Amino acid sequence: MELKEQYFHKIRKNNMRLTKNRIAMIEILENEHLTFKEIQRELARRGFYNVSTIYNNLEFLVEQKIVVELYINDTKYYDLAMGNPMHSADSHIHIMNKDTNTITEVNSPDIFEYITNHKNFEGLNLEQIRITINARNKK
């Protein structure tokens, strides 16, 4: 099953509406980290203009753990979570390259295992781990 079909299936199996707007959002966010304005601009190109609907659908997708909110340098980005081979909705590593203004995802389960098993977290259920690294190119 294609990745975006997995997102659609999750919405349908929970008896929720898979609207054209939600389909468009998932397609737009595929392999992208976008701000609200960028999502809004892309949706407008597809004929979706209602700002309230965009906010409501983003909130819905975040609640369903299909999309995650990511804060980098005081800017909120949205990113697809479910089924992404680089992360889950609850465990994230992102590198923000300030020189290129790009966000790269890193898959490193050993880092999450180290954190989860660290003595400082004994007796705690870690609900999510998100790591953001700000970097510049070496000169």
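Lys-4, Glu-27 and Arg-46 are linked in a network of salt bridges, a salt bridge being a side-chain nitrogen of Lys or Arg within 4 Å of a carboxyl oxygen of Asp or Glu. The model is a predicted one, in which local features need pLDDT of at least 70 and side-chain atom pairs count only at pLDDT 80 or more, while totals for chains, interfaces and linings use all residues. Residues are numbered from 1 along each chain as its sequence is written, and side-chain values use heavy atoms, with hydrogens and water left out.

**Salt bridges**

| Salt bridge | Closest N and O atoms |
|---|---|
| Lys-4 with Glu-27 | 3.7 Å |
| Glu-27 with Arg-46 | 2.7 Å |
| Arg-136 with Asp-99 | 3.0 Å |

Lys-4 forms a salt bridge with Glu-27, and this pair links distant parts of the chain, with Lys-4 in helix 1 (residues 3–13) and Glu-27 in helix 2 (residues 20–29), 23 residues apart. Helices (H or I, at least four residues) and strands (E, at least two) are DSSP runs, numbered from the N terminus. Glu-27 also forms a salt bridge with Arg-46, and here Glu-27 in helix 2 is linked to a residue 19 residues apart, Arg-46 being in the loop between helix 3 (36–45) and helix 4 (51–63). Glu-27 counts as partly exposed at 27% relative accessibility, and Arg-46 is partly exposed at 42%; buried means under 20% relative accessible area, exposed over 50%, and partly exposed in between (1.4 Å probe, protein chains only).

Arg-136 forms a salt bridge with Asp-99. Because Arg-136 lies in the segment after strand 5 (129–135) and Asp-99 in the loop between strand 3 (91–97) and strand 4 (102–105), the pair ties together parts that are 37 residues apart in sequence. Arg-136 is exposed, with a relative accessible area of 54%, whereas Asp-99 counts as partly exposed at 34%.

**Helix 4**

The 13 residues of helix 4 should span 18 Å at 1.5 Å a residue, and its end C-alpha atoms are 18 Å apart, which agrees; the expected span is 1.5 Å times one less than the number of residues. In helix 4, Ile-54, Asn-57, Leu-58, Phe-60 and Leu-61 are buried. They cover an arc of only 160° around the axis, so they lie on the same side of helix 4, the arc being that of the directions from the helix axis to the C-beta atoms. The face turned away from this buried side carries the exposed residues Asn-56 and Glu-63. Just after helix 4, Lys-65 takes a positive phi of about 60°.

**Aromatic pair**

How many aromatic pairs are there? The count comes to one, where rings of Phe, Tyr and Trp (its six-membered ring) pair if their centres lie within 6.5 Å, and planes under 30 degrees apart count as stacked, over 60 as edge-to-face and the rest as tilted. Phe-36 and Tyr-55 form this pair, which is stacked, at 4.1 Å centre to centre and 10° between the planes. Phe-36 lies in helix 3 and Tyr-55 in helix 4, so the pair ties together parts that are 19 residues apart in sequence. Phe-36 is buried, with a relative accessible area of 12%, whereas Tyr-55 counts as partly exposed at 46% relative accessibility.
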